[in-house]
Amino acid sequence: MKEILIRNADVIVTMDDARLEAENADILVREGVIVEIGAGLASEGEVIDAEGCVVTPGLVNTHHHLFQTLTRAVPPAQDAALFGWLQTLYPIWSRMGPEHLFTSAQVGLAELALSGCTMTSDHLYLYPGGGKLDDTIDAAREVGLRFHATRGSMSIGESKGGLPPDALVENEAAILEDCIRVVDRYHDAEDGAMIRVALAPCSPFSVSRDLMRETATLARDKKVMLHTHLAENDEDIAFSQQAFGCRPGQYAEELGWVGDDVWHAHCVKLDPHEITLFSRTQTGVAHCPCSNCRLGSGIAPVVTMRDAGVPVGLGVDGSASNDTSNMIVEARQAMLLQRVENGGDAFSARAALELATRGGARVLGRAHECGQIAKGFRADIAIWDVSGVQSAGSWDPAALLLAGPTHVRDLLVEGRRIVAGGEVVSFDLSATIAKQNSLVLGLMS
């Protein structure tokens with residue numbers, strides 16, 4: 001029976017229902033599950049010394065586009081708003097293939113792991129050069145993060161009034177057929193699942209009304225979740241009103257895109273009626289503060305949404321709009337923006353950390369087993385060394401978002417060490433980075 005003992009942590013920030021913070025405490029893990037938290041625990045298994053460290057639940061990323069790690073800081077897109085940014089990048093993305101999807105996913109997942117993330121979703125909505133969702137799932141299995149792969153789609157190209165070039169869109173019947181294939185092949189509904197699949201048309205402006213409705217029907221038949229972009233910026237709202245004669249929230253409701261099995265990315269421009277709708281239906285939101293800043297989309301009403309009871313988690317979004325995949329940095333940005341918008345006492349460091357842990361687990365339908373350090377929960381655990389310069393002088397080391405490291409010392413997923421001593425140990429990251437840089441040169445030529 002495999003055991004791991006995390007011993008003598010300075011502080012364990014459990015994020016449990018009581019928000020317990022245990023000092024000079026230990027965590028006993030057995031077969032990938034937390035079995036005990038307390039002082040003076042013993043084990044004959046592996047021991048991880050956490051003296052000088054703060055221990056938190058692994059962070060949960062609710063929105064990403066991992067393929068975009070190949071298009072960071074593209075010059076023409078650096079200073080563009082959403083629609084212009086997309087139109088600049090679509091032609092580059094159309095030159096990718098399976099190797100690009102696999103390698104970029106490994107790089108993005110490793111970057112997430114180093115930032116304390118143990119569970120992530122990925123929204124893959126284009127499949128150039130024969131690429132498949134399978135490519136990213138294969139990458140996630142090698143890296144070892146808990147992975148919610150979403151089968152995205154685009155079906156309305158430029159010739160039909162959409163934004164993406166026609167070469168990147170798919171036939172809607174083929175989209176639905178492949179959705180069935182990947183769910184049947186990969187989705188694991190059991191507790192402790194490492195791979196789950198959700199269905200995720202890219203956005204209301206890149207697929208038809210019929211595909212949105214049929215995808216929702218299929219997802220409920222297969223008992224999987226739904227995901228898309230919604231109400232991201234003013235252009236998004238204007239498009240919805242012009243094309244559909246209503247705001248995005250009403251459009252989503254009419255097509256069955258609300259409920260506790262749905263989460264929407266961004267939601268920067270939700271109005272009070274839409275917030276009430278999301279609260280009443282328990283529709284989730286993936287808040288992406290860095291990307292929203294980078295693209296000038298605005299500040300999402302997170303405090304208002306949370307006060308209303310809307311499930312909210314954090315997402316780093318794609319690396320073409322965030323430029324990095326660092327969840328602890330994302331949490332800090334969320335905290336700072338809500339203070340800018342609502343006042344210095346509006347959103348604490350611990351509230352933002354909660355958004356990044358149990359908040360994300362709730363949005364992804366895993367609140368009963370992930371996002372907390374508690375007995376019976378999965379052993380998804382981040383260990384942060386607070387003995388270094390970034391925490392020096394801190395009166396409250398557990399307030400990591402105010403004064404703390406931005407990379408973990410150790411990271412466990414399902415009780416398996418993914419990061420040890422600040423280095424990814426689950427696969428050969430240096431070789432993958434070299435491959436990534438070679439692929440980028442090919443895209444640039």
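Biologist: Which residues of α11 are buried?

Modeller: This is a predicted model. In α11, the buried residues are M327, I328, E330, A331, A334, M335, L337 and Q338.

Biologist: Why might residues a few places apart in a helix point the same way?

Modeller: An α-helix has 3.6 residues a turn, so residues three or four places apart point the same way.

Biologist: OK. How many residues does α11 have, and how far does it reach?

Modeller: Helix α11 covers residues 327-342, which is 16 residues. From its first C-alpha to its last it reaches 22 Å. That is close to the 22 Å expected at 1.5 Å a residue.

Biologist: What caps the N-terminal end of α11?

Modeller: N326 does. One of its side-chain oxygens lies 3.1 Å from the backbone nitrogen of I328.

Biologist: And what comes just after α11?

Modeller: G343, with a positive phi of about 115 degrees.

Biologist: Switching topic. How many cavities of 30 Å³ or more does the structure hold?

Modeller: There are 2. The largest cavity has about 120 Å³ of space. Its lining counts 15 residues, and L82, W85, L86, H229 and E232 are the closest to its centre.

Biologist: Which helix gives the largest share of that lining?

Modeller: Helix α1, residues 82-93, gives the largest share of the lining of the largest cavity, with 3 residues.

Biologist: What classes of residue line the largest cavity?

Modeller: Its lining has 7 nonpolar, 6 polar and 2 charged residues.

Biologist: What about the second largest cavity, how much space lies in it?

Modeller: About 40 Å³. The lining is P204, F205, D236, F239, S240, F244, P248 and Y251. Two elements, α6 (234-244) and α7 (248-254), each give two or more residues to it. The largest share is from α6, with 4 residues. By class, this lining divides into 6 nonpolar, 1 polar and 1 charged.

Biologist: Aromatics next. How many aromatic pairs turn up in the whole structure?

Modeller: A search finds 8. Take W85 and W93: their ring centres are 5.9 Å apart and their planes sit at 75 degrees, so the pair is edge-to-face.

Biologist: Are W85 and W93 buried or exposed?

Modeller: Both are buried. W85 and W93 also belong to one aromatic cluster with F67, Y90 and Y125.

Biologist: F239 and F244 both line the second largest cavity. What kind of pair do their rings make?

Modeller: The ring centres of F239 and F244 are 6.0 Å apart with planes at 80 degrees, so that pair is edge-to-face. F239 has 25% relative accessibility, so F239 counts as partly exposed.

Biologist: Now pockets. How much space lies in the largest pocket, and what lines it?

Modeller: About 300 Å³ of space lies there. The lining has 16 residues, and L70, T71, R72, V440 and M444 lie nearest the centre. Helix α13, residues 429-444, gives the largest share, 6 residues. The lining splits into 10 nonpolar, 4 polar and 2 charged residues.

Biologist: And what is the volume of the second largest pocket?

Modeller: About 200 Å³. Its lining includes R306, E354, R358 and R362. The largest share of that lining, 5 residues, comes from helix α12, residues 349-363.

Biologist: How many charged residues are in the lining of the second largest pocket?

Modeller: There are 4 charged residues, along with 5 nonpolar and 3 polar.

Notes
Residues numbered from 1 in each chain as written. Predicted model: local features only at pLDDT ≥ 70, side-chain atom pairs only at ≥ 80, totals over all residues. Heavy atoms only, no water. 1 Å grid on protein atoms, 1.4 Å probe; cavity = no way out; pocket = protein on both sides within 12 Å on 5 of 7 lines; lining within 4 Å. Points joined across faces, edges and corners; volume = space filled by probe spheres on them. Nonpolar A, V, L, I, M, F, W, Y, C, P; charged D, E, K, R; others polar. Phe/Tyr/Trp six-rings, centres within 6.5 Å; stacked < 30°, edge-to-face > 60°. Buried < 20%, exposed > 50% of the residue type's maximum accessible area, 1.4 Å probe, protein only. Expected span 1.5 Å × (residues − 1). Polar contact = N/O pair within 3.5 Å; in protein donor to acceptor, adjacent residues only side chain to side chain.
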